[in-house]
Amino acid sequence: MSLPIPRVALGMLAVVLLVGAVLMAYGRAGVLPATQSAPDSAPPPPVVAPGTQPIVANGIVAPATHVDLRFETGGIVRDVLVREGDVVQAGDPILRLDTGDLELRCAQTRAQLSAAQAQYELLAGPAAPADIQRAQAVLARARAHLREVSGAVTPAARRAAQARLEAARVALARLEEGPNPADVRALRAELRQAEAELRATRDRLSLEKTTLRLQMEQAANVLRDRQTEYARIRDENQARTEPLTADQRVREASARLAMDNAEKALEQARVAYEAALQAERTGIAAAEARVEAVKARLDRILAGADADQIAAARAAVAQAEDDLARLQDERRAALVEIARMEVAIAEAELERLLAGARPAEAAIARARVEEARAALQQAELALERATLRAPITGVVAALNIRPGEVADPHLVAARLADVRGWRIETTNLSELNVTRLREGDPAIIRLNAIPDLEIPGRVTSIKPLGAGQEGDVTLYTVIITPDRLDERLRWNMTAMVQITPGR
């Protein structure tokens, strides 16, 4: 009885038979020994030199051109003329400050320039016939007046002297009679009204001050909350070991913007509160001053005239009587002297018009014209700068200010981007690899957000200054420009670039 063959032995036997059959088939086909390579066999893969190994780096998508816009001067924002995502052309207005004061300044400087030009033209050119005729008429009237006062005292002069005497006598009589009851009643009523207005002013201004103080405290609380939130998000991002995502960066930037806006709101509330304090002080002081003034007047009336006032009133009556008595002599001489001075002034003015302006006067007038023109140009420039215009054609990427807020020249008010072209900026390319690169080296761009997209590109710029540190290694920024565009690209998308050094 034969023994059964194990299954393992059967399997080994089958393998041996199969190998023998294959060797016999290759022998019949004339296959070369294994130590020689067949003429039609595939060549071995080429060996890549270490210096030409591709370099892989992370990067972000950025527009080919972008610009940050800031106001050159502060002010209250009146108009926000665009929205984020709008396409604007170069020169389009984007933001505008309140220009009421600037427009008024322009109007004033235009009026000053017109006046200066008119004065210069008046001095530089010959006198107009109408001006000469007017000066001649003034001189004729002055000479006629001199002839009149040189002859005799007019009835009008006597009537005027008599009227002054009567007025002095009435004033003396009032002082000697004492206070008028009707005047006392009127002043007491005025005093009660002034005191009531003082109380109302105190209540109103105190309420306004308290309201603004509460608003300032609320703004301070909001600022503390925003500062705490920003510090928490910033600390979390700094503690991360992996690169920040776009959402994480946007979240931190939003928290920072909210904190900045809260600081501005607190500053505005503080300014309003300080203005309310000043208004309270000045308003109450003015109301109290009115009360004191009415009291003083009432006290003077109630006290009656003192001996000095009565003596002064009697002296005024005596002087008026003396003037009326001496009008035929001293008064007449004074009127004649005044009339002679008027004639001399009229003659000098006519002589100036006939002779024309002196060179020095014309030069001064011309300098005033230039000064006024420069002031107008400065005012118009300030008015123009109150409108923030797009310097490039592009998309409004960010708006950081709203109507009613105070524009800060140190902060970015708007950001524009020209998205007709894109570029990739590396963020972790080390100094060990940047020396191997040259402008023009080919690259492959892959987007984390679009896994199926590969875009060829080339190195177009290598920034000479390191952008940061990663441990002991300095990082550099290299710009890769895509050979073609894709409508799905967005600013700050994360990308991976594979660059093949050209040497």
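Does Thr 201 count as buried or exposed, and at what relative accessibility?

**Figure 1. Thr 201 in helix H5 of a predicted model.** Thr 201 counts as buried because its relative accessibility is 15%. Buried means under 20% relative accessible area, exposed over 50%, and partly exposed in between, with a 1.4 Å probe and protein chains only. Helix H5 spans residues 181–239. Helices (H or I, at least four residues) and strands (E, at least two) are DSSP runs, numbered from the N terminus. Beyond its neighbours within four places in sequence, Thr 201 is in contact with Gly 283, Ile 284 and Ala 287. Contact means heavy atoms within 4.5 Å.

**Figure 2. Ala 115 in helix H2.** Helix H2 covers residues 100–124. Ala 115 counts as partly exposed, because its relative accessibility is 46%. Ala 372 is 257 residues away along the chain, yet the C-alpha atoms of Ala 115 and Ala 372 are separated by 9.2 Å.

**Figure 3. The open sheet S5-S4-S2-S7.** Four strands make up this sheet, with antiparallel pairing. Strands S5 (387–389) and S7 (406–407) stand at the edges. Each has a single partner strand, so one side of each is left without a neighbour in the sheet. Two strands pair if DSSP finds at least two bridges between them. Strand S2 (residues 75–80) pairs with S7 over two bridges, in the antiparallel sense. Ile 76 has Val 406 as its bridge partner in S7.

**Figure 4. The open sheet S9-S13-S12.** This sheet has three strands and antiparallel pairing. Its edges are strand S9 (429–430) and strand S12 (468–470). S9 and strand S13 (residues 473–476) run antiparallel and are joined by two bridges. Ser 430 has Leu 475 as its bridge partner in S13.

**Figure 5. The whole chain, for context.** The chain holds ten helices and 15 strands. Of its 503 residues, 26% count as buried. Take the contacts between residues at least 6 apart in sequence: 81% of them join residues at least 24 apart. The accessible surface comes to about 32,300 Å², and 56% of that belongs to carbon and sulfur atoms. Accessible areas come from the Shrake-Rupley method with a 1.4 Å probe; for residues, only the protein chains shown count as cover.

**Notes.** Residues are numbered from 1 along each chain as its sequence is written, and side-chain values use heavy atoms, leaving out hydrogens and water. In this predicted model, local features need pLDDT of at least 70 and side-chain atom pairs count only at pLDDT 80 or more, while totals for chains, interfaces and linings use all residues.
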